[in-house]
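Please look over the sequence and the model shown here before reading on. The report then takes up the parts of the chain one after another.

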Amino acid sequence: MSKFGGATAKVIKGALKVRQTRAALTLTNEAVSRIRVLLAQQNDANALKIGVRQKGCNGLTYTLEYAKDKQKFDEEVEQDGIKVWIEPKAQLSLLGSEMDYVTDKLSSEFVFRNPNIKGTCGCGESFSI
């Protein structure tokens, strides 16, 4: 034990018990690459902003917008130099999700793999939590 200004400190050997937390959102390499291309095409965009709004047959849908400024309560996810800001309303619904960019013969789109979703509509655009 050592004394410092009347207080004592003790060193204990052993592993620190840390609770594992889930990331707000993880991005696949494909999503990072696509966001990088999209942001490079926009002169005044610093990040991609994700939100949710009420729409569709299951209640909620994701929104994606270019953003110049981060708002006070936006959650920032930075991965491989790419910034994604998550609106406060969307933060809990996205917790632990993965954002991917998928291309097939008929379409190319961002896909969210979300463990919090309880149901989706037939077309996959809206969801419920």
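The sections below go from the whole chain to its helix, its strands and some single residues.

## Basis of the model

This is a predicted model, in which local features need pLDDT of at least 70 and side-chain atom pairs count only at pLDDT 80 or more, while totals for chains, interfaces and linings use all residues. Residues are numbered from 1 along each chain as its sequence is written, and side-chain values use heavy atoms, with hydrogens and water left out.

## The chain as a whole

The protein chain has two helices and 11 strands, where helices (H or I, at least four residues) and strands (E, at least two) are DSSP runs numbered from the N terminus. Read from the N terminus on, the elements follow the order β-β-β-α-β-β-β-β-α-β-β-β-β.

Of the 129 residues of the protein chain, 32% count as buried; buried means under 20% relative accessible area, exposed over 50%, and partly exposed in between, with a 1.4 Å probe and protein chains only. Among the contacts with a separation of 6 or more, 52% come from residues 24 or more positions apart, a contact being heavy atoms within 4.5 Å.

## Helix α1

Helix α1 covers residues 29–40, and its 12 residues should span 16 Å at 1.5 Å a residue, which agrees with the 17 Å between its end C-alpha atoms; the expected span is 1.5 Å times one less than the number of residues. Within α1, the residues A31, V32, I35, L38 and L39 are buried. Seen down the axis, the buried residues of α1 fall within an arc of 130°, so they line one face of the helix; the arc is that of the directions from the helix axis to the C-beta atoms. The exposed residues N29 and A40 are carried on the face of α1 turned away from its buried side.

## The sheet of β3, β8 and β9

Three strands form an open sheet with mixed pairing, in the order β3-β8-β9, and two strands pair if DSSP finds at least two bridges between them. The edge strands, each of which pairs on one side only, are β3 (25–27) and β9 (108–113). From one strand to the next, the twist averages 25°; axes are lines fitted to C-alpha atoms, for helices over the stretch in contact, and angles run from 0 to 180 degrees between N-to-C directions.

Strand β8 (residues 97–103) runs antiparallel to β9, and six bridges join them, while a hairpin leads from β8 to β9 through four residues. Across this pair, T103 has S108 as its bridge partner, and D100 stands opposite V111. Helix α1 lies across β3, β8 and β9, at about 70° to β8. In the loop between β3 and α1 is T28, which is buried with a relative accessible area of 12%; leaving out residues up to four places away in sequence, T28 touches E98, M99, D100 and Y101.

## Strands β4, β6 and β7

Four of the five residues of β7 are buried, so this strand is largely enclosed by the rest of the structure. Three bridges join β7 to β4 in a parallel arrangement, and five bridges join β6 to β7, which run antiparallel. V84 in β7 has L48 opposite it, and V77 also stands opposite V84.

L48 belongs to strand β4 (residues 47–54) and is buried, with a relative accessible area of 5%. Beyond its neighbours within four places in sequence, L48 is in contact with I35, L39, L64, E65, K83, V84, W85 and M99. From C-alpha to C-alpha, L48 and I82 are 8.6 Å apart in space, although 34 residues apart in sequence.

Most residues other than glycine have a negative phi, and most peptide bonds are trans. In the hairpin of β6 and β7, which has two residues between the strands, D80 takes a positive phi near 55°.

D74 lies in the loop between β5 (60–67) and β6 (75–79), and counts as buried at 7% relative accessibility. Not counting residues up to four places away in sequence, D74 touches K49, W85, I86, E87, P88 and Q91. The side chains of D74 and K49 make a polar contact at 2.9 Å; a polar contact is a pair of N or O atoms within 3.5 Å, where within protein one must be able to donate a hydrogen and the other to accept it, and residues adjacent in sequence count only if both atoms are side-chain atoms.
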